Amino acid sequence: MSVTAQSVADLPEHASGTSAFGWWGMVWLIATETMLFGALIASYFYLRFKSAPVWPPDGIEVPSLELPLIMSAILLSSSIPVHIAERGIKRGSQSALRFGLLGGFVLGAVFLTLQLAVEYPEKLAEFGPTTNAYGSLFFSLTGMHGLHVLIGLVLSLWTQIRAWKGAFSGTRHLTVQNFTLYWHFVDVVWVAVLSTLYLSPNF
């Protein structure tokens, strides 16, 4: 069947959300990454219950909650300006988009800095990724999540550059939607990591 000129004219110029192939691509990427984190978390609990009742093993201290909770507040709050950015561009607000993305970027960068410059030196003074299975899983989970935060920051920077060049509008914002989806995923995964590595050994 041939495509008529009228049917071509009826096609949307810009797709977004569930009508865009790019949006579904991000959804499938997130689904794949969710399985990866799920496997790591399942491995952690398997080893924990095999090693019960002593956990963490080999005299490693139960994780302190002060720094992880501060980091959590910073990272989870970063979803607020990112959400504002997405909502803003849907209304055609360039300022909400630009400053919302910037706010989320700054908070995400602070989280990653605290992890690399404060938490990791403290942990490495006590144990490392090759000390035992606990150390391997701790650094695998937090490192994998940190890598995803870094990727999110790179995506945010790319989106911000395009935003300041006026690439997005109320009808053209798929990149913003995909980035927002990814960033919320990073936050949700951190809740799972926090609950697994930090909260569960304390209760």
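Let's start with K90, which is partly exposed, with a relative accessible area of 41%. One thing to keep in mind from here on: this is a predicted model. K90 forms a salt bridge with E86, and the closest N and O atoms sit 3.7 Å apart. That falls inside the cut-off, since a salt bridge needs a side-chain nitrogen of Lys or Arg within 4 Å of a carboxyl oxygen of Asp or Glu. Side chains of opposite charge can pair when their charged atoms come close.

Both K90 and E86 belong to helix 4 (residues 79–90), where they are four residues apart, or about one turn of the helix. What about the cover on E86: buried or exposed? E86 is buried, because its relative accessible area is 12% and buried means under 20%. If you go looking for other pairs like this, a search of the whole structure finds one salt bridge.

## The overall picture

Zooming out, the protein has seven helices and zero strands. Read along the sequence, that gives the pattern α-α-α-α-α-α-α. The C-alpha atoms fill a box of roughly 70 × 40 × 25 Å along the principal axes. The protein has 203 residues, and 42% of them count as buried.

Take helix 6 (residues 133–164) to begin with: its axis and that of helix 5 come within 9 Å and cross at roughly 155°. That makes helix 5 roughly antiparallel to helix 6, because angles over 145 degrees count that way. The crossing of helix 5 and helix 6 is left-handed.

Now for helix 3 (residues 66–77). The axes of helix 3 and helix 5 come within 8 Å, crossing at roughly 160°. So helix 3 is roughly antiparallel to helix 5. The crossing of helix 3 and helix 5 is left-handed.

## A nonpolar patch on the surface

Which residues make up the nonpolar patch on the surface? They are F99, L102, V106, V110 and W164, and together they have about 470 Å² of accessible area.

L102 is one of the patch residues, and its place is in helix 5. At 38% relative accessibility, L102 counts as partly exposed, because that value lies between the 20% limit for buried and the 50% limit for exposed.

## The loop between helix 2 and helix 3

The stretch between helix 2 (21–50) and helix 3 is a loop, and P56 is found there. A cis peptide bond joins W55 and P56, with omega at about 0°.

D58 is found in that loop between helix 2 and helix 3 too. D58 counts as exposed, because its relative accessibility is 64% and the exposed class begins over 50%.

## Across to helix 3

I70 lies in helix 3, and a relative accessible area of 42% makes I70 partly exposed. How far apart are the C-alpha atoms of I70 and S51? They are separated by 29 Å, with the two residues 19 residues apart along the chain.

Conventions:
Residues are numbered from 1 along each chain as its sequence is written. This is a predicted model: local features need pLDDT of at least 70, side-chain atom pairs count only at pLDDT 80 or more; totals for chains, interfaces and linings use all residues. Side-chain values use heavy atoms; hydrogens and water are left out. Patches are made of residues with over 30% relative accessible area and no salt bridge: like charges are joined within 9 Å, nonpolar side chains (Val, Leu, Ile, Met, Phe, Trp, Tyr) within 5 Å. Accessible areas come from the Shrake-Rupley method with a 1.4 Å probe; for residues, only the protein chains shown count as cover. Helices (H or I, at least four residues) and strands (E, at least two) are DSSP runs, numbered from the N terminus. Buried means under 20% relative accessible area, exposed over 50%, partly exposed in between (1.4 Å probe, protein chains only). Axes are lines fitted to C-alpha atoms, for helices over the stretch in contact, and angles run from 0 to 180 degrees between N-to-C directions. Angles under 35 degrees count as roughly parallel, over 145 as roughly antiparallel, 65 to 115 as roughly perpendicular and the rest as oblique. A crossing is left-handed if the near helix is turned anticlockwise from the far one by less than a right angle, and right-handed if clockwise.
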